[in-house]
Amino acid sequence: MSIADSPRTKSAVTANETGGGPLFDAEEERRARARRVEQIARWVLPALVMALAIWFWDRIVVWNEIPHYVLPGPGLVAKTLVQDWGTLSQALVVTLKITAMALAVAVIGGVGLAVLFTQSKFAEMCFSPFAVILQVTPIVSIAPLIFIYIESRLVGLLLCAWIVAFFPILANTTLGLKSADHNLRDLMTIYRASRWQRLRFLQLPSALPYFLGGLRIAGGLALIGAVVAEYVAGTGGIGSGLAFRILEAGYRLNIPRMFAALLLIALTGVVIYMTTSLISHLALRKWHESALKRD
Amino acid sequence: MSSHDRMIKPLGQRETVLRMQEVDKTFNGGVVALRRLSLDVNQGDFISLLGPSGCGKSTALRLIAGLMSPTLGRITWEGGQGQDDLGVVFQEPTLMPWATVARNVHLPFRLRGQSYAAVKDRIEEALSLVGLEKFSNSYPRELSGGMKMRVSIARALVTNPRVILMDEPFAALDEITRQKLNDDLLSLKAKTGATVVFVTHSVFESVFLSDRILVMAARPGRIIKEIIVDAPYPRGIEWRTAPEYSAIARETSDTLHGALAPGETH
């Protein structure tokens, strides 16, 4: 297309006709509109697609007359969620408690080990193989042993969830502690900073974005660890979490309740992810590249 | 700073602050980075270490900073070493991105246990010396490259150190910003009486800024000539266009090129 016959957009022409000269640029205008549309679509689209999917699920069940013990419709799942809320909420609290505790211990253990590793290379050489082995061995295969050796069900579950959750925190924080700017490290030496000051004023802040990245992964993993461990632990009765409720409902062919419990687990995962993302955003928004708005 | 003002005496009458005697530095593997480097840094000097890359000028700076120790020879501080020996400006601004400008400048004090409140006046003074008093609550990412460098300079001089080391601080900046910062550095120096050791590979920068230029050569790194620039401070645009300036720049440039091995082109 030659320059001569390039199409003039309507807005540019209007601007010229008002006599004030080209007050706005057609391309910029288009870009701004695209941005606004994207802003709205970011929320509306996923909600719309989700609603459609649920409606479609419902239609499949109705049209094919699928019995509820094979595939319950979304309405029935919601009804079950309300009806069984007493049992399910108790189970949710148990799962949440284990997840939160495991995550807390993973943070303490992961950051603690990372600090130890960066303070002493020899400690890292000695212990990092253990960390890797714990990470690469599937938790489902370790869990039965754990429940043999550990009397308390709660401690066993906690340990399983911790094993799964602590490694990303350890690995990320170690990386972060080591990636402090080398000139700033020299500056610390020149000002004769102590080991503690170096850690406190340079390494820990440098590691914060890395740690928070690890935390986001670990949050989801702690939940997975808690659920998987409970599957392995099996019997429970009082003080059982959502995984146990799913197993139990499965034995009784109470499929709607299985779905309801599953829904709760998924929601919990989403809430955990959103919480850790929010924490990350709040902690970094003022200075870190990842939290900056770009236009 | 104003309370600690130091008078700059004429060249030749200044007391020595730091003495490097016959310093050798050999790196692991046998590379001789510096050979027989002797250098007295005097109170009020503005010394430029000028040379091609690989001449050991940055190594000399790191030795003074105590980031490495000499293989042979001695580095002695007059009156012993103390807390306020050094301020450093690197080639990059080297600021903590998570801390505000004021908190960055506070760092040297913080490391010796002095709270922000206790030294607030000195921090504000240092920031106003570099013209950033309005930006004390900004984060480094909100500043331009030149402004970040100013913060770095404020941090280096906030403790009123005996010697400020600068390792090609303006090399990464554009020419206009660079000239402005050169001007400002000189007016800072005039105000504070700071002693500066400045590493650069720019002939013009060294002639504009310093009163002593130490021309260095590579393989092995050594000082081949000291050129005195006896022009009064403050220096401004008149100095950039003065005939003496051109003459000294010419002499410095010739010395530098004479020291390059025949195969090396500039």
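Over residues 18–245 of chain B, the chain is 35% helix and 25% strand, with the end C-alpha atoms 28 Å apart; helices (H or I, at least four residues) and strands (E, at least two) are DSSP runs, numbered from the N terminus. This is a predicted model, in which local features need pLDDT of at least 70 and side-chain atom pairs count only at pLDDT 80 or more, while totals for chains, interfaces and linings use all residues. Residues are numbered from 1 along each chain as its sequence is written, and chains are lettered from A in the order in which they are written.

For residues 18–245 of chain B, an unreviewed UniProt entry gives the feature "domain: ABC transporter", and such annotations may be inferred rather than shown by experiment.

Within helix 6 (residues 203–209) of chain B lies Glu205(B). Glu205(B) counts as buried because 20 other C-beta atoms lie within 10 Å, the term requiring 20 or more such atoms. Not counting residues up to four places away in sequence, Glu205(B) touches Asn182(B) and Thr200(B), where contact means that C-beta atoms, placed from the backbone, lie within 7 Å. Asp85(B), 120 residues from Glu205(B) in sequence, is 25 Å from Glu205(B) in space, C-alpha to C-alpha.

Turning to the two chains together, the contact takes 14 residues from chain A and 16 residues from chain B. On the side of chain A that touches chain B, helix 8 (182–190) and helix 9 (195–233) of chain A are the elements that give two or more residues, and helix 8 of chain A gives the most, with six residues.

Technical notes
A residue is buried if 20 or more other C-beta atoms lie within 10 Å of its own, exposed if 12 or fewer, and partly exposed in between; C-beta atoms are placed from the backbone.
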